[in-house]
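Take a look at the structure below. Keep it in view while you read the report.

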Amino acid sequence: MKGTLVSFGFAALVWEAFARSGIFPAVATPSLLAIGAALVAMIADGTLFVHVLYTLYRIVVGLALAAIVGVPLGMLMGRFGSVERFVLPLVSVLNPIPSLAWVPVFIMWFGLGNTAAMALVFYAAAFPLILNAWTGMRSVNRIWLRAASSMGADDRTLFLKVVLPGALPFVIAGLRQAFARAWIAVVGGEMIAATSWGLGWLIFDSKEFLNTDVMIATLVAIGVLGLVFERVVFQLLERRTVGRWGMVRMAGA
Amino acid sequence: MRVSFIELRHLTFEYEAAERTVPALRDVTIAMAESEFLCVVGRSGCGKTTLLNIVAGFLQPTKGEVLIGGKPVTGRGFDRGVVFQDFAQLFPWRTAQRNVEFGLEMKGMASAERVETARRFLALVNLEAFAGAYPHELSGGMQQRVAIARALAYNPSVLLMDEPFAALDALTRDEMQKLLVDVWSQTRKTVIYVTHNVAEAVYLADRIVVMTPHPGTVKADVRVALSRPRDPLSIAFLEYQKEVVGHLR
């Protein structure tokens with residue numbers, strides 16, 4: 001906790017110094033006070049809450065679809081060489097293309113709005129999920145498979161009781177990466193695909209009246225949300241599973 | 001002629017490697033009585049682990065067969081339990097208790113009975129107090145004890161052990177050997193125990209089969225006629241050790 005405060009305190013100092021330095025016009029570098037005031041105003045009138053909900057909704061839907069498609073696909077790749085040979089080249093070619101590069105295409109296909117944003121999230125999140133599930137399958141220790149089958153486990157049992165838990169450290173790592181890329185996709189998508197609400201839209205819209213304080217405040221909100229998810233969702237998930245099992249050393253341990 | 005409980009008949013195993021066939025085992029024939037403790041001793045590459053893997057059902061022999069209780073071995077089965085050398089053989093996501101329950105789950109045992117049986121086997125290896133611990137919380141010796149309990153819990157008639165104590169320190173190894181003899185005298189399993197440690201073999205076994213490599217064949221079959229518990233510092237013990245080492249040259 002103390003470490004976090006020190007880091008943020010330092011960052012705040014640096015920002016304030018930068019804002020007051022006059023390197024850029026004052027209107028472009030709002031002070032901490034201005035940012036804080038904008039944040040408070042957005043929270044007070046409820047608009048921040050609505051924007052966050054819209055953005056989270058797009059992330060959750062896109063991520064869930066990506067997980068439903070990507071994790072099984074990655075596992076199939078790990079299990080069957082034929083699937084791997086077929087899918088891996090396609091994944092390798094598409095993976096480096098940033099999700100945002102697809103925005104114009106997705107707008108043409110899906111029109112402006114929610115669907116395009118969710119499609120972008122799906123695209124961005126799918127590849128880390130596929131690749132990590134695939135790696136997770138391949139990293140399952142052979143001795144667990146040998147021991148289990150010597151005790152009578154059939155293929156289905158091996159998969160459910162040995163491979164799935166064995167691959168979990170990688171699957172969780174994949175979820176984290178997918179989540180991070182989903183944020184990039186959704187904020188970028190909201191900015192360009194002109195959705196009506198959302199944190200990305202808020203940033204984009206603020207430029208109309210040079211509301212840089214709102215812009216930066218929104219960035220802060222995004223960062224805080226990311227931190228909360230990391231601590232509350234991912235670290236908790238890890239602690240309950242792979243951390244407890246000693247398969248992964250917990251952060252800060 | 002007495003019908004043996006385990007028969008290895010003319011076992012031959014060859015594998016393909018870079019344009020030639022490597023004979024790992026050639027014409028190995030061994031007969032074992034029920035509840036016998038057999039140690040297979042040899043230096044690395046003599047095929048002793050291959051032999052064990054064939055009896056366990058992980059490998060199919062190129063020629064020959066394995067019979068247990070008169071029936072040929074065709075793959076893995078509930079009549080055999082395996083303990084490997086690697087501590088990582090335990091499932092990290094399961095507690096000691098749940099690891100031991102695994103074979104019982106495979107057998108379809110009901111939950112209450114499973115828990116009770118697993119507890120019993122953990123008590124047998126003196127780990128009842130650690131039933132709720134995860135493998136990574138246990139020492140190497142404790143993990144191997146859980147592995148032994150796990151292999152025994154579903155009541156196989158044969159216990160196959162592949163250098164299970166080789167990665168432990170000498171003091172722990174001594175304790176584990178004593179424990180194993182205790183467990184064996186209580187459960188009366190037929191044991192095939194692979195090791196490169198001659199003193200360990202003389203301490204544990206009713207009978208020691210010495211194998212030599214390239215290809216793996218049986219060189220000698222020594223019966224150890226010492227009563228248990230055995231004293232590793234006694235003259236008789238050292239004489240047996242000398243005899244076995246002599247065959248290994």
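## Chain A in outline

This is a predicted model. Chain A has ten helices and zero strands. From the N terminus on, its elements read α-α-α-α-α-α-α-α-α-α. Along the principal axes, its C-alpha trace spans about 70 × 50 × 30 Å.

Chain A holds 253 residues, and 39% of them are buried. What share of its contacts joins residues at least 24 apart, counting contacts between residues at least 6 apart in sequence? The share is 71%.

## Helices α3 and α4 of chain A

Two packed helices are described by the angle between their axes and the distance between the axes. Helix α3(A) covers residues 47–79, and helix α4(A) covers residues 81–94. They pack at an angle of about 125°, and their axes are 6 Å apart. The crossing of α3(A) and α4(A) is left-handed.

Which residues make this contact? From α3(A) come Leu73(A), Leu76(A) and Met77(A). From α4(A) come Val83(A), Glu84(A), Val87(A) and Leu88(A). By class, the contact of α3(A) with α4(A) has six nonpolar residues, no polar ones and one charged.

## Helices α8 and α9 of chain A

The next pair is α8(A) and helix α9(A), residues 199–206. Their angle is about 45°, and their axes lie 7 Å apart. That angle makes α8(A) oblique to α9(A). The crossing of α8(A) and α9(A) is right-handed.

On the α8(A) side, the contact is made by Val186(A), Val187(A), Gly188(A), Gly189(A), Glu190(A) and Met191(A). On the α9(A) side, it is made by Leu199(A), Gly200(A), Trp201(A), Ile203(A) and Phe204(A). The residues of the contact of α8(A) with α9(A) divide into seven nonpolar, three polar and one charged.

## Where the chains meet

How many residues of each chain take part in the contact between chains A and B? On chain A there are 16, and on chain B there are 19. Two helices of chain A, α7 (142–150) and α8 (155–192), each supply at least two residues of the side that touches chain B. The helix that gives the most to this side is α7(A), with six residues.

The side of chain A that touches chain B can also be split by class. Nine of its residues are nonpolar, five are polar and two are charged.

## An open sheet in chain B

Chain B has an open sheet of four strands. Their order is β2-β1-β4-β5, and the pairing is antiparallel. Which strands lie at the edges? They are β2 (20–32) and β5 (71–72) of chain B, and each pairs on one side only.

Strand β4(B), residues 63–68, pairs with β5(B) over two bridges. That pairing is antiparallel. Ile68(B) has Lys71(B) in β5(B) as its bridge partner.

## Strand β9 and its partners

Strand β9(B), residues 207–212, pairs with strand β3(B), residues 37–41. This pairing is parallel, over four bridges. Cys39(B) has Ile208(B) in β9(B) as its bridge partner.

Strand β9(B) also pairs with β10(B), residues 217–223. These two run antiparallel, joined by six bridges. Arg207(B) stands opposite Arg223(B) in β10(B). Strands β9(B) and β10(B) form a hairpin, with four residues between them. In the turn, His214(B) has a positive phi of about 55°.

## A closer look at Arg114

Arg114(B) sits in helix α3 of chain B, residues 111–124. Is Arg114(B) buried or exposed? A residue counts as buried if 20 or more other C-beta atoms lie within 10 Å of its own. Arg114(B) has 22 C-beta neighbours inside 10 Å, so Arg114(B) counts as buried.

Leaving aside neighbours within four places in sequence, Arg114(B) is in contact with Glu101(B), Leu104(B), Glu105(B) and Met109(B). Arg114(B) and Gln97(B) are 17 residues apart in sequence. In space, C-alpha to C-alpha, Arg114(B) and Gln97(B) are 9.7 Å apart.

How values were computed:
Residues numbered from 1 in each chain as written. Chains lettered and ligands numbered in written order. Predicted model: local features only at pLDDT ≥ 70, side-chain atom pairs only at ≥ 80, totals over all residues. Pairing = 2+ DSSP bridges. Contact = placed C-beta atoms within 7 Å. Nonpolar A, V, L, I, M, F, W, Y, C, P; charged D, E, K, R; others polar. Axes fitted to C-alpha atoms, helices over the stretch in contact; angles between N-to-C directions. Left-handed = near helix turned anticlockwise from the far one by under 90°. Parallel < 35°, antiparallel > 145°, perpendicular 65-115°, else oblique. Buried ≥ 20, exposed ≤ 12 C-beta atoms within 10 Å, placed from the backbone.
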